[in-house]
Amino acid sequence: MRAAFNQITARVKKLKNKPKVDGVLIAQQVKAQLELVIGASLDAEMGPVVLFGSGGIDIELMKDVALAGAPLDAAEAKALIGRTKAGVKLRGYRGKPALHEASAVKALVGLSNLMADAGNRVASIDVNPFLINERTGVAVDALIVLNNAAAMRAAVS
């Protein structure tokens, strides 16, 4: 890690515009055996809704997602996962090992609680991809969209 840090800072120092380095982010690298999407949105009629399915580049191709109302407990999260092809892959498919479903369940429950607790302040949350393998699952990229009107009212209160 130290050698990588020194290489990065040496390269930055050679740049023409001489940017200032305030720090370096070090993150765990996870080799994905499956890419998932985990998301939530505030539906005008249904309230907070959670989404789970095949993520990464497969999201458009596979159209493999399922929705449920928030908040979810662990059993409801497992049932949501089970309604997708991604859930079949998670549990082991055609001789492949089962993946770390517990991390997907924990992420779904946490995200659903966040949406339920946020009231109408959060419009949507999109975690894509959520990388998962046999030992762990990790959110790699996320987008949170605030409901600006609600956020403004909460800030004033």
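I began with Arg 94, which is exposed, with a relative accessible area of 74%. I am working from a predicted model, so I also looked up its confidence values before reading further. The protein averages a pLDDT of 91, and 96% of the residues score at least 70. Among the elements, helix 3 (residues 74-82) has the highest mean pLDDT, 98, whereas helix 6 (residues 148-156) has the lowest, 67. I keep a caution here: where pLDDT is low, predicted coordinates should not be read in detail.

**Positive phi values**

I returned to Arg 94 for its backbone and found phi near 50 degrees, a positive value in a residue other than glycine. I placed Arg 94 in the loop between helix 4 and helix 5. Lys 63 likewise is not a glycine and has a positive phi, of about 50 degrees, and I located Lys 63 in the loop between helix 2 (58-62) and strand 3. Is Lys 63 buried or exposed? Lys 63 counts as exposed because its relative accessibility is 66%, and the cut-off for exposed is over 50%.

**Cis peptide bonds**

I then went through the peptide bonds and noted a cis bond joining Ala 70 and Pro 71, with omega at about 5 degrees. Pro 71 sits in the loop between strand 3 (65-69) and helix 3. I noted another cis bond from Asn 128 to Pro 129, where omega is near 10 degrees, and I found that Pro 129 belongs to strand 4 (residues 122-132).

**Thr 84**

My next entry concerns Thr 84, which I found in the loop between helix 3 and helix 4 (85-90). Thr 84 is buried, since its relative accessible area is 4%, under the 20% limit. Which backbone atom does the side chain of Thr 84 reach? I found that this side chain comes to 2.9 Å from the backbone nitrogen of Gly 87. With neighbours within four places in sequence left aside, I listed the contacts of Thr 84 as Phe 52, Gly 53, Asp 64, Val 65 and Ala 66.

**Val 37**

I looked up Val 37 in strand 1 (residues 34-43), and at 1% relative accessibility Val 37 counts as buried. Although Val 37 and Ser 54 are 17 residues apart in sequence, their C-alpha atoms lie 5.8 Å apart in space. Not counting residues up to four places away in sequence, Val 37 touches a list of residues including Leu 51, Ser 54, Gly 55, Ile 59, Asp 126 and Val 127.

**Ala 118**

I placed Ala 118 in helix 5 (residues 101-118) and found it buried, with a relative accessible area of 8%. Between Ala 118 and Ile 144 I noted 26 residues in sequence and 12 Å in space, C-alpha to C-alpha.

**Largest pocket**

Which residues line the largest pocket? I listed Gln 33, Leu 34, Lys 89, Tyr 93, Lys 96, Pro 97 and Leu 99. I divided this lining by residue class into 4 nonpolar, 2 charged and 1 polar.

Technical notes. Residues numbered from 1 in each chain as written. Predicted model: local features only at pLDDT ≥ 70, side-chain atom pairs only at ≥ 80, totals over all residues. Heavy atoms only, no water. 1 Å grid on protein atoms, 1.4 Å probe; cavity = no way out; pocket = protein on both sides within 12 Å on 5 of 7 lines; lining within 4 Å. Nonpolar A, V, L, I, M, F, W, Y, C, P; charged D, E, K, R; others polar. pLDDT = per-residue confidence, 0-100. Helix = DSSP H or I, 4+ residues; strand = E, 2+ residues; numbered from the N terminus. Buried < 20%, exposed > 50% of the residue type's maximum accessible area, 1.4 Å probe, protein only. Polar contact = N/O pair within 3.5 Å; in protein donor to acceptor, adjacent residues only side chain to side chain. Contact = heavy atoms within 4.5 Å.
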